[in-house]
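Open the model in your viewer and keep the selection panel at hand.

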Amino acid sequence: DTGVSQDPRHKITKRGQNVTFRCDPISEHNRLYWYRQTLGQGPEFLTYFQNEAQLEKSRLLSDRFSAERPKGSFSTLEIQRTEQGDSAMYLCASSLSVGGPVDTQYFGPGTRLTVL
Amino acid sequence: DAKTTQPTSMDCAEGRAANLPCNHSTISGNEYVYWYRQIHSQGPQYIIHGLKNNETNEMASLIITEDRKSSTLILPHATLRDTAVYYCIVRVPPNYGGSQGNLIFGKGTKLSVKP
């Protein structure tokens with residue numbers, strides 16, 4: 001297992017277009033997270049899945065954003081009608097939660113979105 | 001989750017120890033201290049975590065003061081590849097009644113290791 005993977009690594013789109021990103025977590029990890037990071041800032045939480053259930057969404061996740069994890073494995077994040085303000089790095093992380101304090105999140109390399 | 005305060009930037013000479021401080025004066029009894037780092041254009045990388053005892057792993061050591069209001073991450077022999085932004089995060093683990101796991105990142109400390 002080589003870690004969390006994300007596809008594509010880079011995406012350039014025109015304002016108003018829809019984009020979809022994919023995240024493949026570490027095998028057997030039951031939790032999957034999406035974060036967004038803009039230049040000079042730390043990552044900001046967007047949403048989180050436990051298996052296939054989406055359990056938490058940040059207020060940053062407007063109604064133009066939707067995330068799915070249909071079979072509890074890979075996840076997709078879709079942005080509809082993209083705006084220039086959506087330009088950012090979109091990070092995915094996964095973790096294995098089995099109780100206890102250790103819930104180490106392992107991050108993927110990110111998808112850098114540029115909206116023109 | 002408690003807030004943390006970190007210096008904006010630090011320099012360290014290659015081969016020397018890098019000591020990165022973090023203040024978390026409002027930390028509560030069940031909050032853990034986590035450290036992550038982010039090398040340019042990569043996703044964050046987990047380093048270490050602790051509650052009140054000092055911790056060490058193959059990457060770093062974590063020293064937490066007795067009153068738990070501050071901590072220091074120590075990279076014993078910094079290399080050029082340790083140049084990164086280091087984030088100190090405090091939170092209640094999700095399995096212990098905290099929020100459902102999301103990490104709250106500040107701006108971190110930009111560590112520059114120089115030859």
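Here is what to select, stop by stop.

**Before you start**

This is a predicted model: local features need pLDDT of at least 70, side-chain atom pairs count only at pLDDT 80 or more, and totals for chains, interfaces and linings use all residues. Residues are numbered from 1 along each chain as its sequence is written, chains are lettered from A and ligands numbered from 1 in the order in which they are written, and side-chain values use heavy atoms, with hydrogens and water left out.

**Stop 1: salt bridges**

How many salt bridges does the structure hold over all chains? There are four. The term covers a side-chain nitrogen of Lys or Arg within 4 Å of a carboxyl oxygen of Asp or Glu.

Select A:R22 and A:D24. Their side chains form a salt bridge, 2.7 Å from N to O. A:R22 is partly exposed, at 34% relative accessible area. A:D24 is also partly exposed, at 26%. (Buried means under 20% relative accessible area, exposed over 50%, partly exposed in between, with a 1.4 Å probe and protein chains only.)

Next, select A:E83 and A:R64. This salt bridge spans 3.4 Å, N to O. A:E83 sits in the loop between β8 (75-79) and β9 (88-95) of chain A, and A:R64 in the loop between β6 (53-57) and β7 (65-68), so the pair ties together parts 19 residues apart in sequence. Strands are DSSP runs (E, at least two residues), as are helices (H or I, at least four), numbered from the N terminus. A:E83 is partly exposed at 41%, whereas A:R64 is buried at 10%.

Move to chain B and pick B:D82 and B:R37. The closest N and O atoms of this salt bridge are 2.8 Å apart. B:D82 lies in the loop between β7 (70-75) and β8 (84-91) of chain B, and B:R37 in strand β3 (residues 32-38), so the pair ties together parts 45 residues apart in sequence. Buried or exposed? B:D82 is buried, at 13% relative accessibility. B:R37 is buried too, at 10%.

Salt bridges with shared partners join A:R64, A:E83 and A:D86 into one network.

**Stop 2: where the chains meet**

Show both chains. The contact (heavy atoms within 4.5 Å) takes 23 residues from chain B and 24 residues from chain A. About 1,900 Å² is buried between them, and carbon and sulfur atoms give 50% of that area. Buried area is the accessible area (1.4 Å probe) that two parts lose on being put together, summed over both.

Across this interface there are zero salt bridges. Three residue pairs are in polar contact, both residues at pLDDT 80 or more. (A polar contact is a pair of N or O atoms within 3.5 Å; within protein, one must be able to donate a hydrogen and the other to accept it, and residues adjacent in sequence count only if both atoms are side-chain atoms.)

Now color the side of chain B that touches chain A. β3, β4 (45-50) and β8 of chain B each give two or more residues to that side. β3(B) has the largest share, four residues.

**Stop 3: backbone**

Zoom to A:D7 and A:P8. A cis peptide bond joins them, with omega about -5 degrees. A:P8 is in the loop between β1 (5-7) and β2 (10-13) of chain A.

Then select A:R81. Its phi is positive, about 50 degrees, although A:R81 is not a glycine. A:R81 is in the loop between β8 and β9 of chain A and is partly exposed at 44%.

Finish at B:R68. Phi of B:R68 is positive as well, near 65 degrees. B:R68 sits in the loop between β6 (61-64) and β7 of chain B. B:R68 is buried, at 10% relative accessibility.
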